[in-house]
Amino acid sequence: QVRLVESGGGLVQAGGSLRLSCAASGSLFNIMGWYRQASGKQRELVATVSVGGSTNTADSVKGRFTISRDNAKNTVYLQMNSLKPEDTAVYYCNAKTADSSYWGQGTQVTVSS
């Protein structure tokens, strides 16, 4: 069974940085990415990266967050800089194949003002 394990969340002051990691089991995934869900809001895309390194990043985090992956380790990262209170959310790792989509359990990111 596919397992995705996130790490790196926590508490940080506005303007600070965090780096999230998601280690995946199983085969290499076509697309890996990060989504987030703030209290009372829908889950939204943060960023994705393909197996070839092509990225998509939400406008709300563009220029501040960078997604990357290490295919040898089957791990995806999210470097978050210049964090804002509105970035506070549970961040979920996602991995996709042609047929399936998998989710991690999530890691809490809280940004204080």
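1. A residue is called buried when its relative accessible area is under 20%. Keep that cut-off in mind as you look at this predicted model. Cys 93 has a relative accessible area of 0%, so Cys 93 is buried. Cys 22 is also at 0%, and therefore counts as buried.

2. Now look at what these two cysteines do together. Cys 22 and Cys 93 are joined by a disulfide, with 2.0 Å from S to S. The torsion about their S-S bond is about -85°, which means that the disulfide is left-handed.

3. Next, find the core. The largest nonpolar core has 26 residues, and those touching the most other members include Trp 34, Val 46, Phe 65, Leu 78 and Tyr 91. Strands E3, E8 and E9 are among those that each supply at least two residues of this core.

4. Which strand has five of its six residues buried? That is E8, which is mostly covered. E8 runs antiparallel to E3, joined by six bridges, and Tyr 77 in E8 is the bridge partner of Ser 21. Six bridges also join E8 to E7, again antiparallel, and here Leu 78 of E8 stands opposite Ile 67.

5. Finally, follow the chain from E7 into E8. This hairpin has four residues between the strands, and Asn 74 takes a positive phi near 55°.

Notes: Residues numbered from 1 in each chain as written. Predicted model: local features only at pLDDT ≥ 70, side-chain atom pairs only at ≥ 80, totals over all residues. Heavy atoms only, no water. Disulfide = S-S within 2.5 Å. Buried < 20%, exposed > 50% of the residue type's maximum accessible area, 1.4 Å probe, protein only. Core = buried A, V, L, I, M, F, W, Y, C linked by side-chain atoms within 4.5 Å. Pairing = 2+ DSSP bridges.
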